[in-house]
Amino acid sequence: MAPMDGGLERLYLARPRGFCAGVVMAIEAVERWAEVLKEEGDLVVYHEIVHNRSVVERLRAKGVRFVEDLAEVERLRQERKLAGTLVFSAHGHPPQVRRQAAAMGLNVLDATCPLVTKVHTEARRYAQEGYWILLIGDSADHQEVKGTFGEAPERTILVAVHTHVGKDPRLTDPHTVEVPDPERVVVLTQTTLSVDDTLATIEILKRRFPKLVVPKRKDLCYATQNRQEAVKRIAPHVDVFLVLTSPHSSNGMRLLELAQSLTGRAYRLETAQDLKEEWLWGAKSVGVTSAASTPEDLVQELVALLKAKNPGLEVLEEGEWEEIAFREPRPLSPGEVLSGA
């Protein structure tokens, strides 16, 4: 990256930013059990534990293996020594994956975020009560959407956020979605969506289905809401917004969209090395935030770079940190895995 012009005067750091409680729980569980089971062999994780390349590569360096299909576990068993424990990622997983793991005789460490598990529980309950489920999501391929949809696929219809209609043809337009029984319909959501856009989408669905049931407990997670609110607080004070996130992180990409809508100059980067000089031309102030799966050291590397290129840069932190922690998951036997399907 070419030297910057040194014109930045203030850097606003969003707070909260970075790791949420669910991500901390999942990463710490993988690190701990990789160490505990290292004499047995490598620990295997189903899907990336969180959507961040740096996190995944750091865990790979510790001998953790990631798979997208449990059939890969059999191949890895033949190629190298594996521990008999499989970790489910923080995003959740459909029941058929749980059943497949049980059939393979694997012990399971379920690192699904408890807030995602709550939505899964709601999907099962409403399906059993005869409701049709409208599941709002940003992509049919997102692991969280696949997991929730898998709880009741025969009674679930995927619905697009109203601002994303047409981006994924497998998601139905909320203005035109239909259900077999409009008298018994409930809405659930992916946990990492834009708060404002999701609420607007629910309002569209309410007008379409007057008897729509909206669960009392919000499905959008606290971390998603808090990080978006932090961006809103900072945006009026900055010329440019930088968002540290993987392109595969739903909550991170929603932060980027929000920052762009508020400032007109928002850019995504995964590490400080991705920063481009022209992004900051003419700017006096910059905002920085990071996705719930982005390590804090990557944020601090960016701050250090900006300070080095802009002598006298004032760094301001806005907002409060979260004080929430989730209990570490315990390993489940094949029988327990199956009973929870």
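## The main core

How many residues does the largest nonpolar core have, and which of them have the most contacts inside it? The core has 32 residues, and Val-30, Ile-49 and Val-87 have the most contacts inside it. A nonpolar core here is a set of buried Ala, Val, Leu, Ile, Met, Phe, Trp, Tyr and Cys residues joined through side-chain atoms within 4.5 Å; buried means under 20% relative accessible area, exposed over 50%, and partly exposed in between, with a 1.4 Å probe and protein chains only. This is a predicted model, where local features need pLDDT of at least 70 and side-chain atom pairs count only at pLDDT 80 or more, while totals for chains, interfaces and linings use all residues. Residues are numbered from 1 along each chain as its sequence is written, and side-chain values use heavy atoms, with hydrogens and water left out.

The largest share, nine residues, belongs to α1. Helices (H or I, at least four residues) and strands (E, at least two) are DSSP runs, numbered from the N terminus. Apart from this core lies another one, of 19 residues, including Leu-11, Leu-275, Val-299 and Leu-306.

## The five-stranded sheet

Next up is an open sheet of five strands, ordered β3-β2-β4-β5-β13 with mixed pairing; two strands pair if DSSP finds at least two bridges between them. At the edges stand β3 (65-67) and β13 (331-332), each with a single partner strand, so one side of each has no neighbour in the sheet. β4 and β5 (residues 107-110) run parallel and are joined by four bridges; Val-87 has Leu-109 as its bridge partner in β5. α1 packs on this sheet, touching β2, β4, β5 and β13, and its direction makes about 150° with that of β2. Helix α3 (residues 71-79) packs on the sheet too, touching β2, β3 and β4, at about 145° to β3. Axes are lines fitted to C-alpha atoms, for helices over the stretch in contact, and angles run from 0 to 180 degrees between N-to-C directions.

Back to Val-87: leaving out residues up to four places away in sequence, Val-87 touches Val-30, Leu-43, Val-44, Val-45, Tyr-46, Ile-49, Leu-109 and Ala-111, with contact meaning heavy atoms within 4.5 Å.

## His-93 and its loop

His-93 sits in the loop between β4 and α4 (95-103). Why does His-93 count as buried? Because its relative accessibility is 5%. The His-93 side chain makes polar contacts with the side chains of Arg-98, at 3.5 Å, and Thr-112, also at 3.5 Å. A polar contact is a pair of N or O atoms within 3.5 Å; within protein, one must be able to donate a hydrogen and the other to accept it, and residues adjacent in sequence count only if both atoms are side-chain atoms.

## The three-stranded sheet

There's also an open sheet of three strands, in the order β7-β6-β8, with parallel pairing. β7 (156-160) and β8 (185-189) stand at its edges, and the twist averages 30° from one strand to the next. Strand β6 (residues 132-137) pairs with β7 over five bridges, and Ile-136 stands opposite Val-159 in β7. Helix α6 (residues 143-151) lies across β6, β7 and β8, running at about 175° to β6.
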